[in-house]
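The following report describes selected features of one protein structure. Please consult the sequence and the model alongside the text.

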Amino acid sequence: DDGASVGKIVEFYGDGDPRPFAGDDANVLYAQLVLASTLFAAQQSGDSIMRIVLPEGYECTYPATTDGSNPWQAPSDLAVFGTVIPQGTGAPFENDAWSGSGNVCQYSLRQNGVVFA
């Protein structure tokens, strides 16, 4: 819908959700977000934030990585992309700008940071 931000869990067989049963820990879910407007922190860091609230029972944790890559970046070979290689998956690249507390994941833009709609 025009003028509405939309978020949904990627539901494509084999793309995340490797532990789908109650009581399973450390599951990985991918979300597709379509923003209605561009986010921009013009004055100072933290002027603009993007907050994702997960359902009750879920916890936002910082993904582990050992190779220096962005742990928030979705792999470019997810089956949901089909045979079309994406030009980028649109993940905000500043790893330390993400934080998690309980079921809330938050991305705080740095000064002059932008996330395009």
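Asn103 is located in the loop between β5 and β6; strands are DSSP runs (E, at least two residues) numbered from the N terminus. The model is a predicted one, in which local features need pLDDT of at least 70 and side-chain atom pairs count only at pLDDT 80 or more, while totals for chains, interfaces and linings use all residues. Residues are numbered from 1 along each chain as its sequence is written, and side-chain values use heavy atoms, with hydrogens and water left out.

With a relative accessible area of 19%, Asn103 is buried (buried means under 20% relative accessible area, exposed over 50%, and partly exposed in between, with a 1.4 Å probe and protein chains only). A polar atom of the Asn103 side chain lies 2.7 Å from the backbone oxygen of Leu54. Apart from neighbours within four places in sequence, the residues in contact with Asn103 (heavy atoms within 4.5 Å) include Ile52, Val53, Pro55, Tyr58 and Cys60.

## The disulfide

Cys60 also takes part in a disulfide with Cys105, with an S to S distance of 2.0 Å. Cys60 lies in the loop between β4 (49-53) and β5 (98-101) and Cys105 in strand β6 (residues 104-108), so the pair ties together parts that are 45 residues apart in sequence. The torsion about the S-S bond of Cys60 and Cys105 is about 120°, and the disulfide is therefore right-handed. Both Cys60 and Cys105 are buried.

## Val115 and Ile9

Val115 belongs to strand β7 (residues 114-115), and Ile9 to strand β1 (residues 6-9).

| Residue | Relative accessibility | Class |
|---|---|---|
| Asn103 | 19% | buried |
| Val115 | 14% | buried |
| Ile9 | 43% | partly exposed |

Val115 is 66 residues from Ile49 in sequence, and their C-alpha atoms are 9.8 Å apart in space. Leaving aside neighbours within four places in sequence, Val115 is in contact with Leu35, Thr38, Leu39, Tyr107 and Leu109.

Which residues form a nonpolar patch on the surface with Ile9? Leu29 and Tyr58 do so, and the three together have about 270 Å² of accessible area. Tyr58 is also one of the contacts of Asn103.

Note on methods. Patch = residues over 30% accessible without salt bridge, like charges linked within 9 Å, V, L, I, M, F, W, Y side chains within 5 Å. Areas by Shrake-Rupley, 256 points an atom, 1.4 Å probe, with all protein chains shown as cover. Salt bridge = Lys/Arg side-chain N within 4 Å of Asp/Glu carboxyl O. Helix = DSSP H or I, 4+ residues; strand = E, 2+ residues; numbered from the N terminus. Disulfide = S-S within 2.5 Å. Polar contact = N/O pair within 3.5 Å; in protein donor to acceptor, adjacent residues only side chain to side chain.
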